[in-house]
Amino acid sequence: MQFLNFIIPSITQFYIILFLLRFWIQWNDINVKNMFFHFVYKSTDFIYEKIYSIFPINTLLEKKISSLITSYMFVIAHMIFTFWMENYIHLINKISILIISLIQLFTYFGKVIFWIVIGKILFNWKKNMNYPLSETLNLLIRPIIFRVNKITSSCNGDYFSCIVIVLILVSLNYLRMDLISLIDTRAANILSSSYHKINYN
């Protein structure tokens, strides 16, 4: 059981992040002539093709959103497994699982953006670090930096925008548990204890 408790959450979280990255790359039309982006596509193509064979994707918008929906399906699978391991799956409302999974999807997306921003900040300090990795981070974060710069136009510089993004994401992460507690207190406690197990065990 310990093996399942490690391997299934690890696989689901891995693909949640990969499909969120794929969505972000597709949504912002980022150039995929990059080893990291090719890894994201190659790692998710076999699942993407299976879904495409079942649900034909006809438009560019559907193609972009399908990666986000696939990530959401992995979040649902992760939530179901987490509650099943805690013997709570038969007690929680199924609609609550869908809503909590949606909140968790945004949380994972926030974490992806958070670590990309942290990477960019580190590269601002270490100008001589690996250039391909620096280019990858810049390509990923450029769309959101551009939007934040439009709001904070009086304060020039990507560094300030990165700090603003980090502060917003940290604040939203605290809001996440408050929202889940409003939906289901026991579910919030399970997710909180699950988070601490991953980080401290």
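User: What should I keep in mind before I start?

Analyst: This is a predicted model, where local features need pLDDT of at least 70 and side-chain atom pairs count only at pLDDT 80 or more, while totals for chains, interfaces and linings use all residues. Residues are numbered from 1 along each chain as its sequence is written, and side-chain values use heavy atoms, with hydrogens and water left out.

User: How many helices and strands are there in the chain?

Analyst: Helices (H or I, at least four residues) and strands (E, at least two) are DSSP runs, numbered from the N terminus. Here you get seven helices and zero strands.

User: What share of the residues counts as buried?

Analyst: Buried means under 20% relative accessible area, exposed over 50%, and partly exposed in between, with a 1.4 Å probe and protein chains only. Of the 201 residues in this chain, 41% are buried.

User: Which residues touch the most other members of the largest nonpolar core?

Analyst: A nonpolar core is a set of buried Ala, Val, Leu, Ile, Met, Phe, Trp, Tyr and Cys residues joined through side-chain atoms within 4.5 Å. The largest one has 50 residues, and F83, I92, V117 and L140 touch the most other members. Each of α1 (2-27), α2 (35-54), α3 (60-85), α4 (94-125), α5 (131-151), α6 (158-183) and α7 (185-200) supplies at least two residues of this core. The largest share, 11 residues, comes from α4.

User: And what does V117 touch?

Analyst: Contact means heavy atoms within 4.5 Å. Leaving out residues up to four places away in sequence, V117 touches I141, C162, I165 and V166.

User: Where does α2 bend?

Analyst: The bend at a residue is the angle between axes fitted to the seven residues ending there and the seven starting there. For α2, that comes to about 50° at D45.

User: Which residues of α2 are buried?

Analyst: An α-helix has 3.6 residues a turn, so residues three or four places apart point the same way. In α2, the buried ones are F37, V40, Y41, S43, T44, I47 and Y48.
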